[in-house]
Amino acid sequence: MATAPIVDPAPEFESSALASNNVLKRRARRQGRGDDKRRRFEAQDQIRMKYGLARPSEATVYLVESLFPARDNPRLPKAGEARAQVAARELNRIRSTSAIKHAAIPNPNYKEGADVPQYAAIRIVNCVDKPGQERLLGRVEAMEEACCVGVKFKTTGAHGNVFKQVWLGAWRKYSEYPQLSAARRDPKGGVDKVLKALLSDIDEALSRRPRALLAEIDPRTAARMRVSHRPIAKAVMDNAGKQKDPKKHQGWLNAESDRARTSSFRMGGIGSMLAVSTSTGAGTGFHYDEGDDSHFYSAILVLGTPGTLKLPELGLEIEVNPGDAVFFLANQQLHRLTVNGADPQARQVVLTLWTDKNSMDFAQAARPPDFFKPVAGARGKEPENSEPSALGVSNAGEALFPRVDELDVALKDCYVVSPDKDNE
């Protein structure tokens, strides 16, 4: 009689134990990821509570605190070693990944109720889509073509010969009264057509998603920025006959009726000045933009080659890809923008927008001051030399956002044209 073979149950048992172990490992990994996610959310909530920041309803913003405390002075002196030592700091990088997109650094010098931005820097990714980037790059190339000889890109001693800029918009840099920049007032028809197309595209691109997200992240500052071009535009128009060369100013403005519209100054409600920069080298050197008004954010929009915005006074640097914009306090933060990539022919185009401080001081002499020393390390206290009922200044212990109707009343005399024609 044949004997049935004896079946060893060990392999079956080992296979079952291995499957059970794999299930336990997967479960542990899922739990670990969940715990990490909860810890990140808790850390973000702690930062929001510490700085009194609202959670945006539409934008997920990754918060990173400054590695250094509030300062007593807005800028480091040019002389001495202090600036060089700060510029040499090793910086923590805020990367751009699928998990970290929009990113923001709370302003360590923010003061509750003051008319200063709540953040030192905000990165908003994909502000301009690929077709929009190509269109803007095409506009810049048109400015550089031989037919537009009136648009002169200039080099600066601070950034070298491989960094070139042209300035468009309204400022009070070389005159007693706010005026349009010389490049913007070029009388040649071809030049004016190219510049109008560029400004129109910038206004369309920035007045939508970037401005909407900024309003979610820092509503007080976004509300002030949205209408900041109006008083400057009015000041330029009212004082066109008082400029250094009044006939040229008045003649250029009168040549076409649409040059007097606020849309000529608006730039997406982000600023009233624009610098178009091209760089084929290492980028800019460390500097402050001292002419920028620190009541508002300055902004850079990067096209072409990506870069890294270095902010050594915060101990941080921010990756910036093409189409991304960074809103930051260029007046108060030592900074430089690098050109990434090993290709020596890499070309970066940067659109920099800001509001000129001197022009705004002229247009609104009674606005609340942004004196730096009382702001440093004084969260939750009333601004010095300010009335509790002043626009943008809350009563003690309150953090009220200015309503749109309050802003419209305060700026009712700052329209250049009637509101129904001003396409905000």
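Mentor: A residue is called buried when its relative accessible area is under 20%, exposed when that area is over 50%, and partly exposed in between; the probe is 1.4 Å and only protein chains are considered. Numbering starts from 1 along each chain as its sequence is written, and side-chain values use heavy atoms, without hydrogens and water. As the model is predicted, local features need pLDDT of at least 70 and side-chain atom pairs count only at pLDDT 80 or more, while totals for chains, interfaces and linings use all residues.

Let us begin with Met-267. This residue has a relative accessible area of 2%, so Met-267 is buried. Its place is the loop between α9 (263-266) and β8 (273-279); helices (H or I, at least four residues) and strands (E, at least two) are DSSP runs, numbered from the N terminus. The phi of Met-267 is near 55°, a positive value in a residue other than glycine.

Asn-126 also has a positive phi, of about 55°, although Asn-126 is not a glycine. Asn-126 lies in the loop between β4 (119-124) and α3 (130-144). Here the relative accessible area is 52%, and therefore Asn-126 is exposed.

Leu-168 belongs to strand β6 (residues 160-171). Because its relative accessible area is 0%, Leu-168 is buried. Along the chain, Leu-168 and Arg-184 are 16 residues apart, yet a separation of 5.3 Å is found between their C-alpha atoms.

The helices come next. In helix α5, which runs over residues 209-217, the buried residues include Pro-210, Arg-211, Leu-213, Leu-214 and Ile-217. They lie on the same side of α5 because they cover an arc of only 165° around the axis; this arc is that of the directions from the helix axis to the C-beta atoms.

Helix α6 (residues 219-226) is mostly covered, since seven of its eight residues are buried. The buried residues of α6 are Arg-220, Thr-221, Ala-222, Ala-223, Arg-224, Met-225 and Arg-226.

Arg-33 is part of helix α1 (residues 10-51). With a relative accessibility of 52%, Arg-33 counts as exposed, whereas Arg-220, Arg-224 and Arg-226 in α6 are buried.
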